[in-house]
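Subject: Structure for your review

Dear colleague,

Please find below the sequence and structure that I am handing over to you. A written account of what was found follows directly after it.

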Amino acid sequence: MSYFAVDIEYLRKQYRGGVEALSGVSLQVPYGCIFGLIGPNGAGKSTLVKSLLSILRPSQCSGSMLGEPIGKKSVLAKVGYLPEHASFPDYLSGRQVLGYSAGLANLAKPAYRSRADQLLEQVGMTAFAGRPVRTYSKGMKQRIGLAQALVNDPVVVFLDEPTDGVDPEGRMDFKRMIVAMRDEGRTVFVNSHLLAEVEQVADRVAILAKGKIVIHGTVADLTRREARYELKIEGALPTSLVEWCVHKGMEVLENRILLSADSALAVQALIDKLRASLVTICELKEEKFSLEDLFMQVVSQARADAAAAAQGKGAGR
Ligand SMILES: Nc1ncnc2c1ncn2[C@@H]1O[C@H](COP(=O)(O)OP(=O)(O)OP(=O)(O)O)[C@@H](O)[C@H]1O
Ligand SMILES: [Mg+2]
């Protein structure tokens, strides 16, 4: 069995009218992890998920999902999906929405009934399950959306912007529910532009910008790339040491020295230097590089690259 629940070798999607939404994406999602696909509006996140689920036809696609070629319909029985802006017939009750999804998944009624109760409980909707969807708040609709995505006990679940319209308290609940799905052994694929949220739950992330994966890896690896250290000393730094620090690419702000480094080892030389000059060190802090910092950096770089490429094409004409 492959190590990957989703293994996209090459995926390209050009919409009618010429919009190139995905331009040759390659992406691997290991079994049993929470995978966050993040990117700005229009990056191609929903297009990617819809391509995997055969909701739209990719222009070119090779790879596998759950060990079968992408596009094979039988695999969809093992897949759950919460679409972005999910809407359900509003005259149905929450419980009936689950029944409707179970029907689409060809599930036998007795097995599904106890599962529906369990899912309603899991998403905190038991008390409202009999009410029609039209009386639900956005957050309640999302909860029912999450429950219907699990109705067929899927191996892999795709959640497209699951916390869209959900308040901060509800988001905490969603995080717990997503982690619970992973702990039940599912692979959870989450599309989001809420970086801080993804950072808290995802095991692995990929950043998509302008239809291309610009960076991917574990959250720890990506955010560890460039830690920033701040070292506080007693009094002002002697001039000779200011010069040394600046020469080494550090920033000196009165009694604080700031440096970017990929490991704490780089700070040791500074500490040695300060101690040799009898400077007292009061505090050493590691400022984590957040996923948001990385996101802003790679997305603006991708935009600049796309603009430069477009300009190059124009000049070449
Ligand atoms: N049906 C369509 N026809 C033509 N172009 C489309 C269609 N759907 C999406 N696009 C375009 O494809 C690109 C990617 O859109 P997509 O919806 O996949 O992005 P997204 O990352 O999901 O964005 P968001 O964060 O806003 O949900 C955008 O430029 C969008 O305008
Ligand atoms: Mg989308």
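The paragraphs below describe the chain as a whole, then its parts in turn.

This is a predicted model, in which local features need pLDDT of at least 70 and side-chain atom pairs count only at pLDDT 80 or more, whereas totals for chains, interfaces and linings use all residues. Residues are numbered from 1 along each chain as its sequence is written, and chains are lettered from A and ligands numbered from 1 in the order in which they are written.

Overall organisation

The secondary structure of the protein chain amounts to 10 helices and 14 strands; helices (H or I, at least four residues) and strands (E, at least two) are DSSP runs, numbered from the N terminus. Along the principal axes, the C-alpha atoms occupy a box of roughly 80 × 60 × 40 Å. The chain is divided into domain 1 (4-217) and domain 2 (226-287), with bounds that come from an automatic or database domain assignment. The centres of these two domains, taken over C-alpha atoms, are 46 Å apart.

Of the 317 residues in the protein chain, 35% are buried. A residue is called buried if 20 or more other C-beta atoms lie within 10 Å of its own, exposed if 12 or fewer, and partly exposed in between, with C-beta atoms placed from the backbone. Among contacts between residues at least 6 apart in sequence, 71% join residues at least 24 apart; a contact requires C-beta atoms, placed from the backbone, within 7 Å.

An open sheet of six strands has the order β6-β7-β8-β3-β9-β10, with mixed pairing; two strands pair if DSSP finds at least two bridges between them. Strands β6 (79-82) and β10 (212-218) are at the edges with a single partner strand each, so one side of each has no neighbour in the sheet. From one strand to the next, the twist averages 15°. Within this sheet, β3 (residues 34-38) and β9 (residues 204-209) are parallel and share four bridges, and Leu37 has Ala206 in β9 as its bridge partner.

Helix α5 (residues 168-183) packs on the sheet and touches β3, β7 and β8 (187-192), its direction making about 150° with that of β8. Helix α4 (residues 138-149) lies across β6 and β7 (156-160) and runs at about 165° to β6. For these angles, axes are lines fitted to C-alpha atoms, for helices over the stretch in contact, and angles run from 0 to 180 degrees between N-to-C directions.

Another pairing involves β1 (residues 4-14) and β4 (residues 60-65), which run antiparallel and are joined by six bridges; here Leu11 stands opposite Cys61 in β4. Strand β4 also forms a hairpin with β5, with two residues between them, and Leu66 in the turn has a positive phi of about 50°.

Nonpolar cores and an enclosed helix

The largest nonpolar core has 73 residues, and those with the most contacts inside it are Ala147, Val157, Val188, Phe189, Val190 and Val205. Such a core is a set of buried Ala, Val, Leu, Ile, Met, Phe, Trp, Tyr and Cys residues joined through C-beta atoms within 7 Å. Neighbours within four places in sequence aside, Ala147 is in contact with Leu98, Leu119, Leu120, Gln122, Val123 and Met125. A second, separate core of six residues includes Leu231, Ile257, Leu270 and Leu274.

Helix α1 (residues 45-52) is largely enclosed by the rest of the structure, because eight of its eight residues are buried. It is followed by Ser54, whose phi is positive, near 60°.

The four-stranded sheet

Four strands form an open sheet in the order β12-β13-β11-β14, with antiparallel pairing. Its edge strands, β12 (251-253) and β14, each pair on one side only. Six bridges link β11 (residues 227-233) to β14 in the antiparallel sense, with Glu230 opposite Lys285 in β14. Helix α9 lies across β11, β13 (256-261) and β14, at about 150° to β13.

Two residues with positive phi

Most residues other than glycine have a negative phi. Glu161, not a glycine, has a positive phi of about 50°; Glu161 lies in the loop between β7 and α5 and counts as buried, with 20 C-beta neighbours inside 10 Å. Leu278, also not a glycine, has a positive phi of about 60°. Leu278 is in the loop between α9 (265-276) and β14 (281-287) and is exposed, with 7 other C-beta atoms within 10 Å.

With kind regards

Terms used: Contact = placed C-beta atoms within 7 Å.
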